[in-house]
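Hello,

Here is the structure I promised to pass on to you. Have a look at it first, and then read on for what turned up in it.

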Amino acid sequence: MKRRSYLKGVFGLGTAFILSPVACDTKGDELTPIEMERLIAAMADSILPETDTPGAIQAGVPTFITETWQHYLSEKNKEAFLNGLIRTESYSRDSYSRSFSQCPMDVRINILTYLESKETYRFAILNKIRNRFFGPSFIGLFKQLTVQGYCTSHAGATKALRYDAVPGHYESCVLMAENTRSWATK
Amino acid sequence: MNINNRADRTYDAIVVGSGISGGWAAMELCKKGLKTLLLDRGRHVEHVADYPTAMLSPWELPDGGRTTAEYAFQNPIQTSISDVADRHFFANDVDHPYIQESPFLWYRGYQVGGRSLTWGRQCYRWSDLDFEANSRDGVGVDWPIRYRDIARWYDYVERFVGISGSCESLAQLPDGEFLPPMELNCIEKHLAQSIKAHDGQRRLIIARVANLTKRLNGRGACMNRNLCSRGCPFGAYFSSNSATIPVAIETGNLTIRPFSIVSEVLYDDRTKRATGVRVIDTETHVDYEFFSSLVFLNASTIATTAILLQSTSPRFPKGLGNDSGQVGRNLMDHHSNAGAQGTHEQFSEYYYKGRRPCGFLIPRFQNLNPSVDQKFIRGYNIQGRGERQGWMEKMGTAGFGESFKRNLLSPGPWTIWMAGWGECLPYEDNRVTLSSNEKDQWGLSLVKIDFSFRENEHRMMDDIRSCSEAMLKQAGFVDVNSFNYNKPGGTTVHEMGTARMGKDSATSVLNGFNQLHSVRNVFITDGSCMASSACQNPSLTYMALTARACDFAVAEMKKGNL
C-alpha cells in the first residue's frame, strides 16, 4: 500500500515508476507515466473516436480526465481509478500480449466491452447499490469523464453538438432535419 | 459618514435583509420618502458587474466546471444546490454552521440580493381555498386576511415584477396581470391534451414565471439561455439587484450597508417601541447601533426568527414579540419529493430551439371541494418539464466507439419529469431554536432546526406518485417510473411560518398587517409571517404582503400611531 501512495504522489511529475505486481494482481507489468498517459488517451479515443466530428483526443479529453483523477476525485475513487487503469492494462497484456494503447481499435473495443459487461449487473437496482457503497464502477466513471470532458469542451460542444450561446427566442416545436445533432446545453 | 455620531446613525426606517421581500420593503419605503437603511450580512452584489460567470460557455468555466471531492465533503449543503457557475451566490457550510437536530437543509444566499438572485421565479397567487384552509380544518391559526385583502397588492407587484403566464380562469389559482406566456413544447402539449381529455377539471399550463417575455421598466426580455442563477446581464428575471434596489437608489433615500449581521433589535420599554438594531460588522467584528422609527425584518424565515430569539430584554425574556411562545414554531417547507417520469416514442421528428427558463404546471386538482373522506387534507400542484434526452442522459449507455458516439450526439426520445409541490401543515414542534452553548465566529448562538414531514405529507406524496404515474401512462408514455426522493425538509427552499400572522396575540406573532402584536413599529414580511404554506411557490405572496405592509406602516406613521 505504501508503494501505491508513492505512485499516486509521483504520477504526473514525469518520474518513471514500476507498478508492484502485488499491488495490481499482474505478473510484473511495467507502466511509466508516459504509458499511463497513452492508456488514458487510447481509452478515451475508443469511447469517442474521431469521425466526421472531432474525437476525444482532439477535444483535449485525456487532459480533462487526468486532471479530474488527480485533483477532483475523493481518495477512495482516486485509488479505484488507478486500480481500474492497471486492471485494464493487465487484461490487455494477458489476453492480447500487448499494451492497450498498442491494440487496434476493434480489439480495444472488445476489451472495454468485456470489462463493462463484467462490472454491470443485469438489474439497475444492483448497480445503484454498488455505486452507493463501492463508488462508481471504473469503466462507468471513465466513460462519464470522457463524455463530460468532450461535451463541455469547445470542440465537442460546437463541432460535434450544437451550441447556441444566446438563443434569443424559444421555438417550442421545430421540425427536425435528418441527422440533427443534440444541443450542447439545456 | 461619521458613524460615531448618533444622528448619522439614525434613519426613518431600517430594513434587515435585501432578498426578495427586503428589496421590496426598501423600495416601497424609499418611494414614500423615508430615509431607509438596508442591511445585509453579505457582500455587495452590483447588478451585471458582479455576475462573473453569466456569459461563460461551458469550456470557459473555472475548474472546467468541476468541484473537488474534498470541497463537496466539507460543504455538502452548498454543493448540493450549486456548481462552480453559481456557487458564489450560496453561503458555504464551513463559515456558516447551524445544527440539524433532524435533517434539514438550510440554503442561504448571504449577499445583497439574497436568494432573489437564485430563486426559481415561479409566481402563483393564493386563493381563498388557501387563506380559509386553517380555519376550515382546525389546523394552526386562521389567517387574519383573505384574498380580497391581498388581490390588489398582487396586481401591484405583478405589474412591477413582470410575470409571463397564461390566464386560465381557475378558482384555485387566480389569474394575474401577465406578460405573454412562454410556450409549451410538443410533448408538453400532448400531455396537456391527454390530461384534459381524461379529467375535464385538470389542466396542464405553462409555468408563470418572473422572466420577461418583453421589455419592462428598463429591463430586457428573456434571451432563453436558462442560466438565470448566475445573474442575468439582460435583467430579464426579477431580483432585488435588477429591479427593486435600483429604484430605491434612484429616490436618493437609500443607504445600503453590506457585511452587517443584525444581532438584535433594540427595544425601549418606556415607549414600547423598537429603537433600531445592533449590527456586527462581519469583517471587523466591531458592533454598531443604528436607529430608526420603523424596522422591517426581512432576513429570511430562519434568520429573522434567530434575530427575534436573540433580542431578549426584561420585557421579552423569550425574544422580541414572543409573548405567545410561537416564535420559532410551525416551521414549514413544501415537499417536492414525489412524482414520476417517463419517455414517449412519438414526435421524434420534432425538437426545440432555445432554452426556456421554466417548465409547466398542473394546478392543484385534489380537495378543491374538501369532503370528509379525503385521504389527506390540502393539496399539491405538479411542476415538471418535457425535453428530449441529450448527452447527459445518454452517457450511461453501454457500448463504445463510433456507434456509441453517434447515439450520444443525437437527440434521444422525449421525456417528461414531473413532481408534486405539496402543502406542509404547521406543526408546533417543527422548530427553530438557538443553541445554548455553540456560537458562530461572530459570537452569535448557532441556530438549531428540528423538522420532519408527517403523516399528512406522506399520504399526499403517495397520491402524487400514483396520480403522476397514471397521467403519464394515460398519455402513452413508456418506462414510467414513479419516485419518492425522500429528501429532508429545506430542499424546496420554501421555509416559512416561524413568526406567524394571526388574529389573536395569544397564539400568533404578527397581526393582519405583518406588524408585531406587541411592538407596533416592527414589521416582518418574509416567509416567517406565513400561517400556512398552501402549495404555491411563495415569493409572490411575500412581495404582495410586503408592499401592503409598507403602505400600512407609512400611513400609520403619518397618523402618529407607530
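Before we get to how the chains meet, one term: two residues are in contact if their C-beta atoms, placed from the backbone, lie within 7 Å. Please also keep in mind that this is a predicted model.

Let me begin with the contact between the two chains. Chain A contributes 46 residues to this contact, and chain B contributes 40 residues. On the side of chain B that touches chain A, β12 (350-353) and α11 (401-409) of chain B each provide at least two residues. The largest share of that side comes from α11(B), with six residues. By residue type, the side of chain B that touches chain A has 18 nonpolar, 12 polar and 10 charged residues.

The chains also meet strand to strand. Strand β1 of chain A (residues 171-175) is joined to β12(B) by three bridges, and the two run antiparallel. In general, strands of a sheet pair through backbone hydrogen bonds, either parallel or antiparallel.

Next, chain A by itself. Of its 186 residues, 35% count as buried. Among contacts in chain A between residues at least 6 apart in sequence, 51% join residues at least 24 apart.

How do helices α3 (residues 33-47) and α5 (residues 75-96) of chain A cross? Their axes come within 11 Å and cross at roughly 85°. Angles of 65 to 115 degrees count as roughly perpendicular, and α3(A) and α5(A) are therefore roughly perpendicular to each other. M36(A), L39(A) and M43(A) of α3(A) make this contact with L85(A), T88(A) and E89(A) of α5(A). Four of these residues are nonpolar, one is polar and one is charged.

Finally, a sheet in chain B. It is an open sheet of three strands in the order β3-β17-β16, with mixed pairing. Its edge strands, β3 (99-100) and β16 (431-439) of chain B, each pair on one side only. Five bridges connect β16(B) with strand β17 of chain B (residues 445-450), and these two run antiparallel. Within this pair, K439(B) stands opposite S445(B) of β17(B). Helix α9 of chain B (residues 301-310) packs on the sheet and touches β16 and β17 of chain B, its direction making about 60° with that of β16(B).

Enjoy exploring it!

Best wishes

Terms used: Residues are numbered from 1 along each chain as its sequence is written. Chains are lettered from A and ligands numbered from 1 in the order in which they are written. This is a predicted model: local features need pLDDT of at least 70, side-chain atom pairs count only at pLDDT 80 or more; totals for chains, interfaces and linings use all residues. Helices (H or I, at least four residues) and strands (E, at least two) are DSSP runs, numbered from the N terminus. Ala, Val, Leu, Ile, Met, Phe, Trp, Tyr, Cys and Pro count as nonpolar, Asp, Glu, Lys and Arg as charged, and the others, Gly among them, as polar. Two strands pair if DSSP finds at least two bridges between them. Axes are lines fitted to C-alpha atoms, for helices over the stretch in contact, and angles run from 0 to 180 degrees between N-to-C directions. A residue is buried if 20 or more other C-beta atoms lie within 10 Å of its own, exposed if 12 or fewer, and partly exposed in between; C-beta atoms are placed from the backbone. Angles under 35 degrees count as roughly parallel, over 145 as roughly antiparallel, 65 to 115 as roughly perpendicular and the rest as oblique.
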